There are 2 protein chains.
Amino acid sequence: MSRPYARLTPIPQEAVQFGSGFWGERQKRNRAAIPKLFAALREHGVLDNFKRVNDPSIERQGPRFTDSDLYKWLEAACLSLPDPQLEPLVAEVSSLIQAAQGQDGYLNTYFVHQKAAQRFSNLQSDHELYCGGHLIEAAIAHWQATGKEDLLQAAVRFADYIVSQFGPGKIEQACGHPEIELALVKLYRATGREQYLELAGYFLKRVPLRKLQELSGHAVRAAYYASGLADVYLETGEQDYLDCLQRQWKSMVEEKIYLTGGLGGRVRDESVGRPFELPLEGAYAETCAAIGNIFWNSRMLSISGEGRFADLIERILYNGFLAGVSLSADKYFYENPLAYNGKPYWDPWYPWMRRDSYERKLWHDCTCCPPNVQRLLASLGGYFYSASQEGLWVHLYDRSELKWQLDGVPVHLVQKCDYPWDGKLSFEIRLPERHEFSLFLRLPFWAEEYKLLVDGIACTAKERNGYLELRRQWRDNKVELNLSLPIVPMEANPRAAETRDSVALMRGPLVYCLEQADNLNLEILEARLNLAEKFATEPSGELGGIVKLKASGKVPAEPYGPLYRPLGSKVERLKPVQLTFIPYYAWNNRGSGAMTVWLKRT
Amino acid sequence: MSRPYARLTPIPQEAVQFGSGFWGERQKRNRAAIPKLFAALREHGVLDNFKRVNDPSIERQGPRFTDSDLYKWLEAACLSLPDPQLEPLVAEVSSLIQAAQGQDGYLNTYFVHQKAAQRFSNLQSDHELYCGGHLIEAAIAHWQATGKEDLLQAAVRFADYIVSQFGPGKIEQACGHPEIELALVKLYRATGREQYLELAGYFLKRVPLRKLQELSGHAVRAAYYASGLADVYLETGEQDYLDCLQRQWKSMVEEKIYLTGGLGGRVRDESVGRPFELPLEGAYAETCAAIGNIFWNSRMLSISGEGRFADLIERILYNGFLAGVSLSADKYFYENPLAYNGKPYWDPWYPWMRRDSYERKLWHDCTCCPPNVQRLLASLGGYFYSASQEGLWVHLYDRSELKWQLDGVPVHLVQKCDYPWDGKLSFEIRLPERHEFSLFLRLPFWAEEYKLLVDGIACTAKERNGYLELRRQWRDNKVELNLSLPIVPMEANPRAAETRDSVALMRGPLVYCLEQADNLNLEILEARLNLAEKFATEPSGELGGIVKLKASGKVPAEPYGPLYRPLGSKVERLKPVQLTFIPYYAWNNRGSGAMTVWLKRT
């Protein structure tokens, strides 16, 4: 796997086995949800669309990009193999896809029959290359999981076809929705064929890089584009690409991301919006954008070896991403607001917009997010570790086992912890022989204090770009890292209008929220947090086992009246209340009640 | 003109002549803009659409509801007659419309030829009755202005046709966009034919009134619906209707309106949104929604005689409505944000969304707002006065002359003032004989102090529902009302997240804003207002003659850094600055710079 400009090379998910920890449990439930989503895709005609290519009597169903939903599902299923329930489904889908491919290599179930002439006629909107990118990613996962080359060959035929159609002097355009770029780089790495890398670079030039000053526009597209840009940078080292990535990342973290790591504040075009355009109840923060942002940051981490990218991956994973899926792992949000008033919203003029409650569901008519969640959870092990010439890097913490090799020496690493509820982490290292390398443990930005022990003896370590570097001859050793997990009230840049003079609680990587179910008979959107009194933790068996937070606060003792009034014309009377917080990701699992991440201070 | 359940009967605009005051100048410029909009409508094929009904070779242009844009333009032109430049245009359009009407009375330029069979097939989206409503309103204005009955008869034929098609046992649906209801009531008042009132009542039943607890959904539709509901109430006195109107009005003023009187915070479906969903930079606040809200409040005022409705009309007029049109009166905003960062926004994934700057323009592809602005400004005199059994009501203030009759006695009222810049108002009353009645002068809610003189002698008056009542035998008298015009910092209910802990300056009816042009080299969206120091007024000849406000404030001395940080981890350094405010309506007339209505306090 080529990555000449990588400082760190990710260790693939196959090398990582989760235990019964936080993510292990989620991956197990995710695996059980994969057949459910398959049944829903079948029920909604997504499989029939493929059959229709050879049987025009079948009606096409779903949006024009829905082929990609099946490809993403297939990728998730392949990443979860071996699994006796999934294997026949994978085989069925793989055959279905191959049977639908044209002689020339083209494959899209929308642009066939009477629409065949419209092939590549509206690249801005038609998502044909976007779908093709997901075909390629699924085919690579299929090949890696099963060893079978047939689907990979289909993807290669598709890729060869677009190589023949696109480029200077051919079709000189790119797909409106980036995705093909990162898929082509993956295919280049799988096959070594440089034409795929070249075409990816060509497609990236659709946008003049120097115009990309801030991160803007459709959030998912922006994140996928940046991921493709980073992938090509990792192969070519073009400085322009890296400059652009760093500019856009800075714009994101200084002006355009939610505390939860959610991306895309604007409903209009599902986009990132203007600087500080971060509405809370109105947040879009599409689940797919959180996923795309994990993709992007994992590439930035590979390029730089800097912990701030892994910090952000962790922030997104535990919050903006994880809120997109129910605790049961089979219901999904498309949008992830940071506050909700718990009341139905009824638009008398668009009766189909009636929303009696806001709840996760298995099926969305635009079902891009559910299979994206499934493939991310199935591939999660791949985000935990990297290797470099210097040694082994641990980015994320959960009960897990890693089996890998460094310089030809097998390395077995066992993580034991109750993270993120507890900051005590242990790493058992076993090697067949003594071997010198550095073990890099990410020191999260929120960990104000920590203790480090090797084989029970306290020690110090160099802090390097957000990592603790332990260099020594390793054989059978135990490293312990005890991170402090204080409850930290966070504030935001006052230019972000909705969070102005407000505060949100974090503990470790978790952003907390108030939900109605824990705070009955309280107008939680009116609640203020009392910063003068101490916060407390309260372990709870609820919601799959969480640590709740307790705090004191106040709520208005009477209605405010009209929206606006002369300043100071009335003193607001407040009454004291007790507040109970749960992790943001866990909201909306006990019915659809009010919720808020940010509270006014008192 | 029937209105049995009216406390106040509006005095029509024909009886009011503006002088060279605030609104008189605007009405004059508006009249000059009417031929410009006509030329643009012609250029964009809106007139050709009507010719196309008899000539299928002509291509249809614009959205399916664009017939209504010509009707609204015609209404504005008729309200501005006599005018030698407008008369031939009015005659041309009137003939064009009549020639396009079907034998059966149906009239819509979209559902003809190959689309004729789709007539009334998708009432939710097709706007046929919405267009028909504007045909009726234009026809009544044409008849009133010219005395010619031909276009009115065409409208009657249309109305008779829909009476024959809609109702129990016929088509049992209503148009998705309310408008036909208030038009049918107007036609009922013009013709006395009860079937129009009945059909209006039937259409209103599309929505179960008891479900309308809060004001919600598409802002323009909600306001037009409420206006129709109020119109039918004024004729029938159904208590359910009034209860619903009051509930929705309370929901609006307590939870859902901008300080500027703008309505509709949500881009999604151009809708009012959830309670307190009032983004500032992201405000939708469509100009048409401000206009619809003026319609609604003028009917509430007629029903109740309560000054709070006239207060709101004034608030909307001077702010949320007036910001929708340039000082030159020939360029228009569709959306009216309450803050703007002055920077182009570029969406690389939707290149057509590129917006190099945000500026008013004459032509919008969806051109509902411009002719709506024109007809509102042309009809503005009709919002100034009402009559009741008790006497004469003055709701709005501007240099103007009223000629009307009370109990058969001619009343001549001359308003002299420099409002809204100065609070000194004078009213010269001339009658041919002594006559007893009450003169009601609205006492705006923001006028903390006032002085009242009759013929130079200080006097007191009863305050009744927001009006000062002066009852006496009038002949030739002069009433003077001197309103205090303090600069008032306003605050908002903290549930409105974006205005939390912020302040906006008002003076009289005017909401003020900071604009870049007056505050060069200042990050105005970062500015805080210093409430400890005095504000000052500064009359200026700029921007058509305004009073600017001066205040002291602070801005951050250094960049904030990342969006989020632990509370109190860094003390923000601020530096003092001078701030200059202009009325919100006047922004964006000196290029497209940053602007904000709300400022954080310091």
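**Helix packing and cysteines in a predicted model**

Q: What is the handedness of the crossing of H4(B) and H7(B) in this predicted model?
A: The model is predicted. Helix H4 of chain B spans residues 86-100 and helix H7 of chain B spans residues 150-165. Where H4(B) and H7(B) cross, the handedness is left-handed.

Q: Is H4(B) roughly parallel or roughly antiparallel to H7(B)?
A: The two helices pack at an angle of about 30 degrees, with their axes 10 Å apart. Angles under 35 degrees count as roughly parallel. Therefore H4(B) and H7(B) are roughly parallel.

Q: How many charged residues does the contact of H4(B) with H7(B) have?
A: H4(B) brings Ser94(B), Ile97(B) and Gln98(B), and H7(B) brings Asp150(B), Leu151(B) and Ala154(B). By class there are 3 nonpolar and 2 polar residues. The charged count is 1.

Q: Which residues of H11(B) make the contact with H10(B)?
A: H10(B) and H11(B) pack at an angle of about 145 degrees, with axes 9 Å apart. From H10(B) come Ala226(B), Leu229(B), Ala230(B), Val232(B) and Tyr233(B). The contact has 9 nonpolar residues, no polar and no charged. The H11(B) side consists of Tyr241(B), Leu242(B), Cys244(B) and Leu245(B).

Q: Is Cys417(B) buried or exposed?
A: Cys417(B) is in no disulfide, and the nearest cysteine sulfur, in Cys459(B), is 19 Å away. Its relative accessibility is 10%. Under 20% counts as buried, so Cys417(B) is buried.

Conventions. Residues numbered from 1 in each chain as written. Chains lettered and ligands numbered in written order. Predicted model: local features only at pLDDT ≥ 70, side-chain atom pairs only at ≥ 80, totals over all residues. Heavy atoms only, no water. Axes fitted to C-alpha atoms, helices over the stretch in contact; angles between N-to-C directions. Helix = DSSP H or I, 4+ residues; strand = E, 2+ residues; numbered from the N terminus. Contact = heavy atoms within 4.5 Å. Nonpolar A, V, L, I, M, F, W, Y, C, P; charged D, E, K, R; others polar. Parallel < 35°, antiparallel > 145°, perpendicular 65-115°, else oblique. Left-handed = near helix turned anticlockwise from the far one by under 90°. Disulfide = S-S within 2.5 Å. Buried < 20%, exposed > 50% of the residue type's maximum accessible area, 1.4 Å probe, protein only.
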